[in-house]
Each structure stands twice: as C-alpha cells, then as structure tokens.
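Thanks for coming. I will go through one structure today, starting with the terms and then moving from the whole chain to single residues.

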Amino acid sequence: MGQVVAAIHTVAPGLDGTALADLLWLASRMSEAGGQGPATTMPVPPSEPRREPRPVPGVLAPEPAAQPQAHEHPLHERLAAAPARLRGDAVALSRAGALPDGLPLTRALRPWKRPWPRGREDELDIDATVDAYARSAELVPAFRPAPERWFGLVLVVDRSPTMQVWREVIDGFTVVLDQLGAFRTLQVRDLTFGERGPELRDGLGRLTGPGQLCAPNGRLLVVAVSDCVAAGWREPAVWRQLRAWSRSAPVALLNPLPVKLWRRTGLDLPTVRVLPGPPGAHNTQLSFDQPLLPGAGPDAEDKGTWLPIPVLSMSPHSLGRWSRTLMRTAAEGCGAVLVPPGGRPARRTDLHGEPVTTQSSARPVPPPAVRFLRTASPAAARLAELCSPFDNLSIALLHLIRQELVPEASVADMAELLVSGLFPVSTDQGGGAALRIPEDVRDQLQDGVTEHQIWQLNRALSRYLSSRPGASGQLTAIVPGPEGDTDVPAELRSFAQASQRTLELLGLTAARRGQRKEVRRRQGWTDMATAVTQPPKAGLRPHTTERERVVDNRPYFFLSYAHTPSSGSSAGDPDHWVSAFFRDLCDHIMALTDLPAGLAAGFMDREMRSGDGWPERLAENLAACRVFVPLLSPRYFTSEMCGREWYAFSERVLQARSSGAFGPASPIVPALWTRVEYAQLPDSVRHLQVVSAEFGKPYMDSGLYGLIKLNRLRDEYEETVFRLAQRIVQTAQEFSLPAGVPRAYERTPSAFKPRGQGPRRIHLTVAAPTRDTIPPGRDVRPYGDTAHDWNPYFTESTRPIAALAEELMRALDFRVTVSSLDDYDAMSEPADDEEWANQPSILLIDRWVLTDSARRRKLQLLDARSRPWVRAIVPWNRVDVQCKEEEGRVLTHELENTLPLTLDRGRRAESRIAVNGLPTLRSFVDELPSVVAHATRHYLEHAPSHPPTGPYTPRPRLMGPALPSYRHPADTAPETGDDA
C-alpha cells in the first residue's frame, strides 16, 4: 500500500488525503465490478437523436448493477400522483425552510414596531405623581395612557388553485409576522372567488363580511397576498373591494411572483411611485405624480379619483421601502398601482368592439425549455436543471434543492420556475403540490447538467438529511424493501442515500425489518423506548409509520406536583383539588385529540401505592410523556421528588436538542397552582415563562387553586384549564419529543437547591485546542475557532460540549461561568485565579491539547496547586478512530504524567469513570451530575470560611465561665489559611 501511495503521489502530487481515499475506494469498487466502473455509476447516455433521461444514483432497476450498496439505502419521495408504487418503510425527514430570507425580512419590517402613543391601557405617570406629592404632600398615583402597537394586521390570502404552490412560503411569512411582535393582533382571512365574486372566510371556513376590514379608526393594516393569476383578478369586483378598504386603512398587495411577470397577470394596472403622508397613513393620504391614465378624462378631477395601492414583492428591499414609507415617512417612497373607481380600466377595443390583441410573429417558436433558459434568471435556470433528473418531485423537495445547492435563489426565482409552464402542478388530497417534469422538457434541461452535478445533488441531499437539524414540516419518503410496512405511490428515482446509521436514527432498526420485538405495554400506552433506544441525532426525528401511529398512545403530559401534607384538622385528602384539576385537564385533551377510548391523556402519581414499583413507573412515564406540566407553588421548589422529575425531563429534552430535534424552546408547560413570586423561582426555572397574560389576571393573582376554590371564579377556571389543554396539545404536536430511556429514580439529582441555600455557583474550564492549533493529521470536525467550540461527540450532537455541560449544570440550579485554558496568561497559574478559589470547578480536557507545550505547562501548574474541589472530566468519542490509534494511547499516558494529582483525586471518588474517559454522549450526561456533586461537597468541606467584616460585639454571658475573647481575622491575620 505504501508503494501504491508513493506512485500516486509521483503521478499527481497535488492530491490530498480525501482525494486519495476516494481514488482508492473507486479502484476497489471497479475491481469488484469487473473493471466496468463503480456499481452505482450512471451509464453513459446512448448516442441517439432522442436521449434517455440520465439516471440518478440509487434508481430501482432490474439490473443488479443499479442497486445501491449494502450499507446505503435509497430514499424515494412519496407522492400521491406518482405513477408507480413501491413497497418499503415510510419515513419522515427534515424539510427545508420555504422562506429563504427570514431574518432580512424581519429587519425590513421593523418600522411597524413604532408605537401608538396613547393606548387603551394606563400606566403609572411617575413624574406627575412626584409633582403632585411635592405640591400636596399626599401620595396619590397619577396615570397616563400607555403606548401600544400601532396596527392590527389582517392577512388576506388568495386560496386560488395557482396559489397552492405558495402555501409553505405564505406559512413561513405568517410565522415571521407573528414572531416580529409589531402588531396588536394577527388575523388570516382566506380569499376565494365564487359565483357572486370574491368571498372572505375565517380560519374555521365561515363566511365573513368584507366590511369587517373597514376600520373606522384607521388602526387596521390589510395585506392581500396573491399572484393575481386567477380569473377573478381580471374582474373589477376584487379591486373595488381593495379600494373600499383603502379609504379607511393602509392596504397593500403582496405578490410572490417576480416583478417582470406582473404585467402578464391581473396586475396590469398603471404604476406610480407613492410618496409618504403622515405616519400610518391610509391610501387616500398617499401622494403621487399624475401619469397618463388610460380611460380617464382630460380633467384632473377624473384622474384624482384613482387610488394607489402599494404592490410588494417577497423581498426585503421591497418590504423595507414600503415599511419606511408608511411608518417613517421616508422620502424615497414605494411602488404602487392605481385603481380606478370602477375597479379596472376599460379594455382596449377596435372599431368593431373586439379586444385588441397583439399580432404574433411568423418566426419559429423554440421549445419551452429553451425559451425559459434564455430569459430566466441564473438561479431559476440552475433550479430547473437540477430538477431534470426526476420524473416527479414535491414543492418540499424543490425547497430542499434550493437551500442546499442554489442558496442565492430567492422567492422570485422560485416563482419564475413555477409559473414558467415547464412543470405541470398537481395537488394531492392533503393540499400538497407536486411538480411533474414531462419527458421532452427533461431531455432539453439535461443538456446543461453533467454527471458530476447529478452526483453532487445526491451527495448534498444525503448530507443534509444525515446532519442538519430539523426544520418546519416533514418531507415524506420511503425506503424500499420487500419486508416493508406500506405499499404507496412513490417517485422511482431516489433523491438521496441513507446509511444504515441514518435508518437506525429514523427508527428503522433490524428489529423492525423482519425480527420485530414485542412492544411492551404499561398502563395502556406503548413504551416507545424499546423501538427507539436513543434520541434522534443529526437532525432526524424518529418516524412512526401509519401502522405505528395507531399504537403511539403515550401520555400527552406528565403532571408534576408537590404533595400537600395533612394538617391533622381534617380527614380529607389534601390533594383532592389537584386530582380534580387533573381529571378536567384530561377530559379537555381527550376532546382535542384522537386518543383511543380507555387510555389516559396524562399521568399523575396519585393512584400509586407503596409496593407498586412507583420509582420505575415514574421513570418510564417521564421517558415517554410528550409534555411536562409542573404545578408550581412555593412548596414545589422545596420538594426533592419534584426536583428529580424536573431534572429527568430536562435531561431528556437536552439530549433531543443536542441532536438537532428542535430549537431552543422547551416542551415544558408550567401551570400556576398558587401565586409564586419571581424571587422564589430557582435559577433552573427562571428561563421559562411561568405566567402568561392570555390566561387572565385572576389566574396570575390566585392560581388554579384560587380559581377552583372560589365559586365566583368558576368561569375563569374552566377557560384557563381549556386554554392550558390547548397549549399542551399544541406543544406536543409542535415538538414531537422522542421517547427516551428511563432514568433510575434513585440516581436522579434534584434540579432545585436545598432549602435555605443561596445561589450556587460553579466554574467550567475547557482545555482543548482550536482548529488552527491542532496537530497535523488530526480530524478537524470536533474543533472550531475557539476552545469553546470543541465538540468531541460530533457524531451524536450538533452542539459544543461546553454548551451541553453549561445547560446541564443550570438544570441543577447552578450559576455557571465558562472559560477556556487559553484565557489565562502563559506566565500565571490558573489555580490562583478567583474563579478557581471561590467556587467548585470542572475541567473538561481533550487529550489532544497535550500536543501543545504551552497548554501542557498550564495544566501542570494547575495540577501542582490543584484544590480539592477541582474535578476533571475527559470526554472522548469511541467512534473517533484516532482516539484508539497509537497516538491516542500515547496521549492518554501523557495525560497521566501531566495531571497526576487531579486524576488520582477523581479516581478515589465515585466518579472515577469521568477521568478514565467518557466514550459516548449518554455516558457524559449521566456522569456530569455526579462529578458536580463531588466538587460541590469538597468545596463546602475544604473551602475557607470568611466571617463578616466589622467590629465585634460580644453577646451577654448568661452563666458559666468566661469565654476567650474573639478577634476578627481582619484585626490579626492568622498564620495559615486553615486557622482562618
């Protein structure tokens, strides 16, 4: 092998290690295929006048050579309109975002956050109150109107058939508007065209009158979203309605199509540039220069009856100009169309009254694909060429191709492709849109696609599906196999390859594919931990097929509450009202979901008795529930059982989040049992929104206990429980938290500090190299620009190890400070730093840091003066081959010589596995609480005490001999730190 490598370097000296490995792999595959090339290489197209479509990797074909390798499995998209059916296992993959410029759009809409100066609520006027107190010497509060959001927004969405392809884009834009927080309310109305003209419907499908959008106070903003392609936009009725709304409120039209296509739709109206009026002005207050208007008389009065309606594209530039024009009175203005009183100008006719048409040219017309490639933008043309290998594909897959391979494409580029007429659009029963690529169009587009680009497409999509975190929605696919669960229509050509590891993360284990194990049942719900033994990794969520979804009867929520002790004056059950609230909550959730009859919607430990194995049942339900509902009260944060339940669920959420299952939000829905002040909340709870104004002031003041006990608040109680049930169901459906492995109750720490203790602090130091300082030949994937970016478990987690450790310690109610070994000066000793001396410390060590002499010297100084409360953790990845090779063993020996005292102190404790090496993320998560507990206990035992400063005041002596006089350490310094 050495001679072969040397010969290759002689012929091609510029090859790096990756290229050399690819070359050797290709050579081995060519030898297995009898010298005919790789087993999955696409064949060369025949030299015929009409070329066959170029196949993509993983195409199902009768020839054995076209089958994928044993360690890879093709992923075919499930499409309702596909002509073929495949048998296999259905999976749901992460889907790309449909809105490319979400953050720039948010910035462009910031001007709408300008507040209305005098709102409907009052706030305390401090200046007026102080002035009145100075004059009258009586403290009488003075109030003034509080500012509020200027507008309430109504989004009127056109639901014509041509708008189906924009459903995901509009949903993404609605989310951006909702998260912006610039509007008092956000309503969505559906616009349809019936026999009597345009019709408006609310979210429940009920007809609403158009007059509801005419705001007398001008505090309503109306944005109509449409491509204006439907026939109704060429009629005057819808434009007259927009004019009616424009007289009392700002109205704009948002068109996802590129500007150059607007003239081909119903948006063929005169265009002007409108200038700003007062802030928040409606359309009649906008000024513009009078153009030569068609169908208008010569008098200026006739021209003045035309109203401007701003027309926006789905771009940050267009939305930003409109926002600045209306809210900041920017002088540049924005584009608009002019609408006459009749709705549309009269059509041009000839002498016989017939519409004027443009005479067609006698020149030959090129094929549609050729015309498109000549006039389309580069990004749109690139998208069309990358879609050519497929016969059918969905809009979701098109968004994924755009995000991974054409990131510069915007919504306008997508629109240019979708309205080009090259790809007919079909809609399935669920409302999803799919594109069909005709054979002639496919042949013409493939002229610009090389075999390398098709392989690049396959590799890019495969890499996304195995490593990217999940986005909104799901991309449905099927893994072909004769023992599969379903037989569904699917695209014959695969769009990506899934490794065996990826299939395991999707839940397609060996037990499911032939040797299925019996799924254990407890309490009538399925224990999904036997089917998914690990949380999802690399952005893929465990998928449940149609058959498994029927038996996925896990409890929707786990109710965690503090048991009220019996007062002795009453023989009744002190937790009776908690049980009543639990039953009411379960009834609402059963009505809001499709859980089968006889199954509990939630879990509560009320019915458990001693001897029933209650620790195991608690652990199993905590590992399977979808949402955690803590019933907060002052007693809750002093309960060790509640603290353990909170930590067990938080650890499960952290593991799912580290693998990219969802973002920073949490599937914890707190419920307020009694009023809790903010000062009573532990640090591990303060990051959550404990109370919400939408539940009402009685709930925030009295909690659920006050609502259920007082008869006059019964209606508020019913509404609060229903809203809480809605939030639980919404959270469960939004996060889809996978089932975890039950954690032993006796080994689970509490998330709340003991009663009476002040804030608990701990320091975390990362000793790891950076991407620029690792030794030559070391894998760069675990490293980043700083030591804080070190991620030893990069195959299991997408987050750095320091961020994971910090979040885990915060869940244990610690205040964490994080630093790196590089933060200390080379000539100083880290052990003398205040962060090491005044609080417990955890040291995360990468063995590869010892290859740097300066960092090794710092660790030696730290070990020489290490204090008892400094604990070391050595994470390493058992999948990382370099950690097992000779160099890894040498570094392990070097670590023993560098930190002998710190490592020996860790081995004498119960956390000896932490210094020997933690090979997996699960082992790191399990051992970190134990290491933190040992460091904290040794700090409390050995840290010097510091009496308060100030003069000493002796207590009066009641009896007994005289005590020796006490001198403060500040008056006379002790000889040693132990005397202090």
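A definition to begin with: helices (H or I, at least four residues) and strands (E, at least two) are runs taken from DSSP, and they are numbered from the N terminus. What you see is a predicted model, in which local features need pLDDT of at least 70 and side-chain atom pairs count only at pLDDT 80 or more, while totals for chains, interfaces and linings use all residues. Residues are numbered from 1 along each chain as its sequence is written, and side-chain values use heavy atoms, with hydrogens and water left out.

First, the whole protein. The protein contains 28 helices and 31 strands. Of its 980 residues, 48% are buried; buried means under 20% relative accessible area, exposed means over 50%, and partly exposed lies in between, with a 1.4 Å probe and protein chains only. The protein exposes about 48,100 Å², and carbon and sulfur atoms supply 53% of that. Such areas come from the Shrake-Rupley method with a 1.4 Å probe, and for residues only the protein chains shown count as cover. As for contacts, meaning heavy atoms within 4.5 Å, take those in the protein with a separation of 6 or more: 76% of them are between residues 24 or more positions apart.

Now the surface. Leu124 is in strand β4, residues 122-124. Leu124 counts as partly exposed because its relative accessibility is 44%. Together with Ile126, Val130 and Phe143, Leu124 forms a nonpolar patch on the surface, with about 420 Å² of accessible area in total. Patches are made of residues with over 30% relative accessible area and no salt bridge; like charges are joined within 9 Å, and nonpolar side chains (Val, Leu, Ile, Met, Phe, Trp, Tyr) within 5 Å. A salt bridge here is a side-chain nitrogen of Lys or Arg within 4 Å of a carboxyl oxygen of Asp or Glu.

Next, the strands. Two strands pair if DSSP finds at least two bridges between them. Strand β8 (residues 186-194) and strand β9 (residues 197-201) pair in the antiparallel sense over 5 bridges. Asp190 has Arg201 in β9 as its bridge partner, and a hairpin of 2 residues joins β8 to β9. β9 is also joined to strand β10 (residues 207-208), antiparallel again, by 2 bridges. There, Leu200 has Thr208 in β10 as its bridge partner. The hairpin of β9 and β10 has 5 residues between the strands, and in it Gly205 takes a positive phi near 85°.

Further along, 4 strands form an open sheet with parallel pairing, in the order β29-β28-β30-β31. Which strands stand at the edges? They are β29 (814-820) and β31 (870-873), each with a single partner strand, so one side of each has no neighbour in the sheet. From one strand to the next, the twist averages 25°; axes are lines fitted to C-alpha atoms, for helices over the stretch in contact, and angles run from 0 to 180 degrees between N-to-C directions. Strand β30 (residues 841-845) runs parallel to β31 and is joined to it by 4 bridges. Leu844 stands opposite Ile873 in β31.

On to the interior. Helix α12 (residues 411-418) is largely enclosed by the rest of the structure, because 7 of its 8 residues are buried. Among those buried are Val411, Met414 and Leu418. The elements covering them include α5 (167-180), α9 (368-375), α10 (378-387), α11 (395-405) and β18 (433-436).

Thr174 lies in helix α5. Thr174 is buried, with a relative accessible area of 17%. Leaving out residues up to four places away in sequence, Thr174 touches Leu155, Leu186 and Val188.

Asn392 belongs to strand β16, residues 392-394. Is Asn392 buried or exposed? Asn392 is buried, at 9% relative accessible area. With the sequence neighbours up to four places away again left out, Asn392 touches residues including Leu79, Pro83 and Glu491.

Last, backbone angles. Most residues other than glycine have a negative phi. Ala137, in the loop between α4 (126-136) and β5 (143-145), has a positive phi near 65°. Ala137 counts as exposed, at 60% relative accessibility. Cys228 also has a positive phi, near 60°, and sits in the loop between β11 (220-225) and α6 (236-246). Cys228 counts as buried, because its relative accessibility is 0%.
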